[in-house]
Amino acid sequence: MELRAKDPNALVTTSYSDCIQLAACGSKETLPMNPDLPADLFTCCLTTPIEIAIRFFVLQNPLPSTLTVEQAMKIPGRLQERRTPLGELNWIFTAITDTIAWNTLPRPLFKKLFRQDLMVAALFRNFLLSQRIMRVHQCHPISSPPLPETHHHPLWQSWDLAVEMVLAQLPALNRAADGGPAYEYQHSGFFTEQLTAFEVYLSQGAIDRKPPDQLPIVLQVLLSQVHRLRALILLSKFLDLGPWAVNLALSIGIFPYVLKLLQSAAQELKPVMVFIWARILAVDASCQADLLKDNGYSYFIQILSPTSGIPVGNASEHRAMCAFILAMFCRGFHQGQVVCMPPGVMGACLAHLGDENPLLRQWACLCLSQLWYDFADAKWQAIREGAHLRLCELATDNVPEVRAAVLYALTSFFGIPDMSEEVAKIEQDVAGSLLIMTADGSNMVRKELVIFLSMFVKRNEGKFLVAAFEQMVQERDNLAGFARTQTTGGLRPRANGSAKKKDTLGSISPNTIFSAIWQALLMFSVDPFPEVGQAAQIVVDYVHLALLQSPLGQHAQDVIEEISCANLRNFSLTLPTNSMPESKRPMALGYASGETTPINPAPATPKTLKGSWLANGSAERSPEWNRPPDANDPQSSSTSYHTAKEPITRNFHAKGAEKIPSIPLKSQFMEWSIEYFREPQMKPNEADEPGSVDYNQRLWRRTRNDRIIIETQTQKERASNSRWDHNKGVFNNGSLPMRLLFHQFESHLIAVDEKDGVSVWDWEKGAKTNHFSNGNPTGTKITEIKFLNEDDVALLMTGSGEGVVRIYRNYENDEVELVSSWRALTDLLPSRRSSGLVAEWQQGRGTMLVGGDVRVIRVWDAPREMCMSDIPARSGSCITSLTSEQVAGNIFVAGFGDGAVRIYDRRLAPRDSMVKVWKEHKAWIVKVQMQRGGMRELVSGSATGEVKLWDIRMDNPVRGFLAHTKGMRSLSVHEHAPIIATGSTWHDVKLWNTSTPKDLSLSTIKPYSSFLHQNRSNPVTGLAFHPHRMMVACSGAGDNHISLYNCDSKGGI
């Protein structure tokens, strides 16, 4: 009309896209004229469907019956009462037509016609009936929008059965109504049968995610108290299949049903209702207003309360779901926060922080975070209730997800607009109490800690600008002092009185929480885990950028230029250990505090050793024997650092250099935690599900492992009296192999070079399958390699000289990725005099023992991702080797740089855990190793060439012999056979039988050397037995080749 008023000549067209049109037949069809049918059959189908459907059944029934149409029309009951025969038929008809529409119509069309308007839905359900009835009379009803043909759907047969069951009881019902014998109506088994069919569907595991035909019927069953509990349980199992199942249920209209059920007070429904709502909110959180409308949220607040009873065994898990539901209810919904604050949600969450269930502890923290996010009133209430103090107590929780949730909650706790002195003091106390988490082994926790610190930095930006500036000035002064020490031969001249007064502003930040946090951020900026390091770099870059734009900007620029110049001046200086400040030297074994090292030290091996041996066969104590055996190796120039690909984590994305840093950082922990409720919880894991791909692969690996163990048992006796000089192969590694490691069951051989290169070989095929960089800094090297979970899908662990442990997945191919990395030894400084990081993995206990040039042996727990204890080493020397018994894992042994061997028992208190010490060796312990199988001998070897066998119950060695007169560089013990291999400093490997008293070697072999590297004085750097097969791998310094030898031609089979 508006268009016609503006322009009378305009052509006005009407859109009929939203119109619904129904017709009884096509243009060339004739309506039925049967006297037994109504005159307007189509209209009767649309208005009185049950009556027409019964009439149609009686007229079309091929079986003889005495029941007339008039009698069939007298079915007792009312359409609205489902417990009556007529009402039950109407209920079944609604369920069947809904299901037929669900299974045949496109999803958008089904939602438009059957879910948006109740009258339209009823009309189209009846239209489906008209399709079936009119077709018998050669008419094809037409609709707009058009619907597919549904008359052939098999559920119509279920409808016919339901009608027949009612009509069969009709005579008895009529006689009872007329005063005859009493008769109890037998209800239809339609819904019970459909629920059983749905249960069968679920038991098959929802193959190919095919939507179940019975889903609309299950929703109809929710209206019945008789079948409600069973239907809810089956529905919860269906929703547990994943987000696709939740979306299907939501599209069919589950929401109004489960929303209405929140008004029910039935105790037995509470567990299943909590589970269903958790699944719904994990996929679709847009129903917050609906939960608020009828106080539906109070249903979950009541269950969350510690005093409420819930009729289920795992009440803590269901309360965790309630905490999740309320967290999603409050998330980004201020009205939800307001209504949840008074009823005691915060008090309930605080009470659950001490619960045994880690999922409840985690979601109690996350619920608190959503309750007070951007809500000052809730934060003040948290302060009054001491919530921040309770959360800080969980900083050392055993579960990393809980520790991360604590940090997430405290990050959202910050941000009260009124930055009063009280608020500032509280935030500083919270930040200070969380600094203990800087050494956490979990990458997720450290990343959340950086995000937390970014919020604290943003709240106190001015103070951090001062801390950053003073840190720059301190670094400049340290560099200047170091340069003066170098040029004056260690004597530092007195500082010039006229030194730059513009920077002597008086220190403000030292010994404050801001200085400590700034140093923690600087440490995090070089974190070995890429995501943590990048997050901290953003915060550091933001502060530095803000500093340059502040009033201190010009002073900061001058200091930066001075630091750059000092770094350039010191670039060409060699940095031996003695040039470091006294306080920062590592504990290099055998060196006094004032001892110095020449830049080009003399060879470690004396020219003549015969005179250095005493009559009893032991070596004199010489400083040359108390240094790392590889300290004087010639540095190879064939490779350089970081030339190979460096693996990263699966979801890591490097930030662009052009992106301007901004804080506070945004956490993804909440989204990650929500994923838990989107994954199946009722069925076993894929790897534990019989018939699954993962299960079959694991079963195959277990069978393969058992076969290898059985096959190699017969080789032990042959290995102890055969020669070991059968050459299995020679591989050119491309870089100098320093350490070698065989996989127990796969044909994998790991070789690491003297820098950061890791090579993976398939020794059966003689091919290198992968080569990558470990990522350790320049000047450090890989000092430890281990396999984790060898029985299944193995992970590769590396430890490097800066104290960092890295774990890799898919190490054998180009898809290698970093799983985890953390600084296992925080006080370890890189040095050529240090043993670096040494480790022992205890597979049965899931713990890793880590030592090195520090005074403790650190016990890391893999599932908890945290340090469980620091066991005092009780020695001033560095730890050179660790080994442990693998059955119980309580006893472990450490070798030291001064020749001592110490035994520890983890069952005792850490300060009392050292139970025995042997000081038979007088030189650097090359290796200590306790056999996994065999007689479980403990073998130790020192750099002088001494090898000793021990019984840990005795004070003296069981046996000892001199393996090499010119010094020993490497040692390896076969895990299951009585064989020891020793590698000398003169390029030969000897193999020994520990079961015979004779000190005669079985064989002497020499690692392969190419024509250009035939230096017979090069030490044997890499030496390793295969854990099961009679095979040994070795390599020599100065050459890139790896040699493999068997005990005979069958040793590697």
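Residues are numbered from 1 along each chain as its sequence is written, and side-chain values use heavy atoms, with hydrogens and water left out. In this predicted model, local features need pLDDT of at least 70 and side-chain atom pairs count only at pLDDT 80 or more, while totals for chains, interfaces and linings use all residues.

View 1. The structure contains 1 cavity of 30 Å³ or more (on a 1 Å grid over the protein atoms alone, a set of points where a 1.4 Å probe fits but cannot get out; lining residues have an atom within 4 Å of a point). Arg739, Glu784, Lys786, Lys927 and Leu971 are the closest to its centre among 50 lining residues.

**View 2. Strands around the largest cavity.** Strands (DSSP runs of E, at least two residues, numbered from the N terminus) that give two or more residues to the lining include E4 (739-742), E8 (782-788) and E24 (968-973). E20 provides the largest share, 6 residues.

**View 3. The second largest pocket.** This pocket (an open set of grid points with protein on both sides within 12 Å along at least five of seven lines) holds about 1700 Å³ of space. Of its 43 lining residues, Lys447, Phe529, Glu531, Thr649 and Asn651 lie nearest the centre.

**View 4. Helices at the second largest pocket.** Helix H25 (DSSP runs of H or I, at least four residues, count as helices) gives the most to the lining, with 5 residues. Helix H28 (530-548) and strand E11 (817-823) are among the other elements that each supply at least two.

Definitions and conventions. Points joined across faces, edges and corners; volume = space filled by probe spheres on them.
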